[in-house]
Amino acid sequence: MTGRHASARTTTPSPWLRRLGLSVAAVAVIAAAGLGAVSVLDSGGGECSGTLPVAVAADATIAPVLTELADRYQEGQPAVGDRCVQVDVTATSAAEAAATIGTPDAPQLWVPKSLDYGPAVDLEQVNQLASVAVSPLVVIMPRPAAQAAGGDESVVPWSAVVQGDAVAVLPDPAANDEGMASLLAVRAALGETLEQSELVSLMTEVSRAAVPTVEDAYATAAGETPVAFTATEQSVVAFNRTRPEVPVNALYPAEGTLAFDFPALAVQGADDDDARSAAADFVTFLGSVDSQESIRDAGFRSPDGTADDDAGVVDGTRPAMPDLLPDPDPAVVAELTRQWAALSLDMRMLAVIDVSGSMNEQVEDGATRIELTRDAALEALSLFPPASSVGLWAFSILQDPPSDHIELVEIGPMDEEVDGGTRQEALVAALESLPSRAEGGTGLYDTVLAAFQEVRSSYQAGSVNSVVLLTDGRNEDDPDGIDLETLLNTLTAQFDPANPVPVITIGMGPEADMEALEQISAATGTQAYQAEDPRDIQSVFVQAMIERQCRPNC
């Protein structure tokens with residue numbers, strides 16, 4: 001939505017707000033929505049021959065004040081022709097409302113928090129009439145902790161939230177717009193200072209403290225440990241008005257934040273054009289001076305960023321509108337959605353690492369390829385949830401002829417006890433031993449097939465089952481092993497799209513046989529990656545871990 005936040009960056013009312021404040025705005029708004037010039041008239045106290053129902057689906061946070069305003073709107077007895085308008089506001093989640101778009105069950109008017117962070121919507125099916133309110137994303141802490149962290153300025157950097165002393169709690173981004181907006185804000189504010197692996201590591205830490213809903217986040221405010229979480233500014237006002245034992249304060253990110261613009265969306269394809277025209281007139285009413293005062297009194301800001309006259313210490317907010325970050329790119333939203341899903345999915349992975357003699361080759365800074373691989377694998381291991389199932393093989397033609405590989409750690413949950421410790425501890429020890437194992441040639445094809453068949457034979461439904469193989473060379477097992485054609489034919493024949501086992505291959509350095517690796521991965525519905533510079537192996541390895549979530553359909 002072009003210019004979504006423009007009005008919030010200035011004290012001058014936006015064109016939409018000025019338009020909504022005019023008594024003749026209905027015709028302009030209706031025309032902008034492409035609804036036709038149907039007049040909405042005051043019945044003047046006359047009799048109506050029928051009722052014109054107008055269905056409004058609204059986000060649960062703004063539905064109460066819209067219901068109040070709908071009642072006030074109807075006191076003027078608006079009518080279309082000889083039918084009196086009856087506005088019915090229903091609190092509806094974005095997912096529920098989006099699912100009705102294009103069906104007979106669609107409302108005439110939809111007011112979500114935003115279209116930027118929730119379910120995908122066919123924009124040809126909706127027309128934005130106006131923004132009826134704005135509420136910025138803020139950082140929330142129990143009042144004593146917030147006062148210590150933000151001081152008189154009520155400002156805190158995003159880095160202090162996600163990397164500070166307080167526990168960072170995030171409403172699950174998969175189910176809450178606030179959670180997804182938080183990830184986008186952190187990425188926008190800190191992205192230039194964080195490597196990809198650091199960003200994923202940060203997301204992993206936050207994911208372990210994620211809670212299902214914003215209400216669950218607020219429940220942490222009364223705990224003994226200082227907690228910071230993110231939600232809308234309006235939620236701070238609403239929470240504090242319940243007179244909690246421990247009130248909260250809003251802290252405003254120093255680098256800027258995102259905002260929810262509560263767009264009023266006329267839904268195309270609804271049955272009754274008169275009802276949609278009446279809905280547009282109701283939106284005009286929402287932009288009136290009195291209506292905007294009520295919306296601000298409920299803790300929201302007007303579309304130009306103006307807060308309620310009483311905003312301040314008691315409500316735990318501040319009058320001034322915070323600086324806003326640029327609107328999120330839809331491609332970035334999709335990327336973060338995929339990354340979050342990858343980190344939260346149950347995983348069952350067999351890591352297969354080349355320990356042939358060429359992995360002893362030194363690169364810049366004196367480190368060997370196998371040492372860089374070890375470090376990258378240890379870093380990736382730290383990103384996985386403890387319940388993830390992981391196994392580890394090493395391969396070269398000298399490991400265990402003729403199979404060419406050796407199982408160092410059997411696949412299983414990392415938090416499971418094995419040999420007097422946890423499997424995660426066993427994986428760490430095995431990875432640290434890799435440099436001492438590097439010798440011999442690359443037994444690539446036989447190892448790929450064995451690893452694929454191992455994971456396939458023990459497939460676990462409900463998890464992402466995959467093989468991640470890393471090598472710096474090409475197959476050197478001829479003529480004793482299988483050839484590439486036999487391997488590809490076997491993988492293609494045994495691959496089951498209903499129970500997929502993608503073989504994600506990573507080539508390290510310029511000598512890796514990327515042509516063969518690409519064909520191997522393609523045969524199992526995935527892709528190969530290359531770290532041309534061995535020092536890039538960590539970021540490539542992490543990216544492969546992220547991408548595993550959407551295979552084989554990426």
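A crossing of two helices is right-handed if the near helix is turned clockwise from the far one by less than a right angle. That term is needed below for two helix pairs. The model described here is predicted.

**Overall make-up**

The protein has 554 residues, and 54% of them count as buried. Its secondary structure comes to 19 helices and 21 strands. Take the contacts between residues at least 6 apart in sequence: 80% of these join residues at least 24 apart.

**Two helix pairs**

Two packed helices are described by the angle between their axes and the distance between the axes. The table gives both values for each pair.

| Helix pair | Residues | Angle | Axis distance |
|---|---|---|---|
| H17 and H18 | 484–494 and 514–523 | about 20° | 9 Å |
| H3 and H12 | 63–74 and 289–297 | about 155° | 10 Å |

Start with H17 and H18. Their axes meet at an angle of about 20°. That makes H17 roughly parallel to H18, because angles under 35 degrees count as roughly parallel. H17 passes H18 in a right-handed crossing. On the H17 side, the contact is made by Leu484, Leu487, Leu488, Leu491 and Thr492. On the H18 side, Ala516, Gln519, Ile520 and Ala523 take part. By type, the residues of this contact divide into seven nonpolar, two polar and no charged.

Now turn to H3 and H12. Here the angle is about 155°. The two helices are therefore roughly antiparallel to each other, because angles over 145 degrees count that way. The crossing of H3 and H12 is right-handed. H3 brings Val65, Glu68, Leu69 and Arg72 to the contact. H12 brings Asp290, Ser291, Ser294 and Ile295. The residues of this contact divide into three nonpolar, two polar and three charged.

**The disulfide**

A disulfide is a covalent bond between the sulfur atoms of two cysteines. A search of the whole structure finds one. It is formed by cysteine 48 and cysteine 84, with their sulfur atoms 1.6 Å apart. The pair links distant parts of the chain, 36 residues apart. Cysteine 48 is in the loop between strand S1 (41–42) and strand S2 (50–58). Cysteine 84 is in strand S4 (residues 83–91). The torsion about the S-S bond is about 55°, so the disulfide is right-handed.

Cysteine 48 has 25% relative accessibility and counts as partly exposed. Cysteine 84 has 19% and counts as buried, because buried means under 20% relative accessible area.

**Threonine 368**

Where is threonine 368 found? Threonine 368 is in the loop between strand S14 (347–354) and helix H14 (369–383). At 10% relative accessibility, this threonine counts as buried. Leaving aside residues up to four places away in sequence, threonine 368 touches Met359, Asn360, Glu361 and Gln362. Proline 435 is 67 residues away from threonine 368 in sequence. In space, the two are 8.6 Å apart, C-alpha to C-alpha.

How values were computed:
Residues numbered from 1 in each chain as written. Predicted model: local features only at pLDDT ≥ 70, side-chain atom pairs only at ≥ 80, totals over all residues. Heavy atoms only, no water. Axes fitted to C-alpha atoms, helices over the stretch in contact; angles between N-to-C directions. Helix = DSSP H or I, 4+ residues; strand = E, 2+ residues; numbered from the N terminus. Parallel < 35°, antiparallel > 145°, perpendicular 65-115°, else oblique. Contact = heavy atoms within 4.5 Å. Nonpolar A, V, L, I, M, F, W, Y, C, P; charged D, E, K, R; others polar. Buried < 20%, exposed > 50% of the residue type's maximum accessible area, 1.4 Å probe, protein only. Disulfide = S-S within 2.5 Å.
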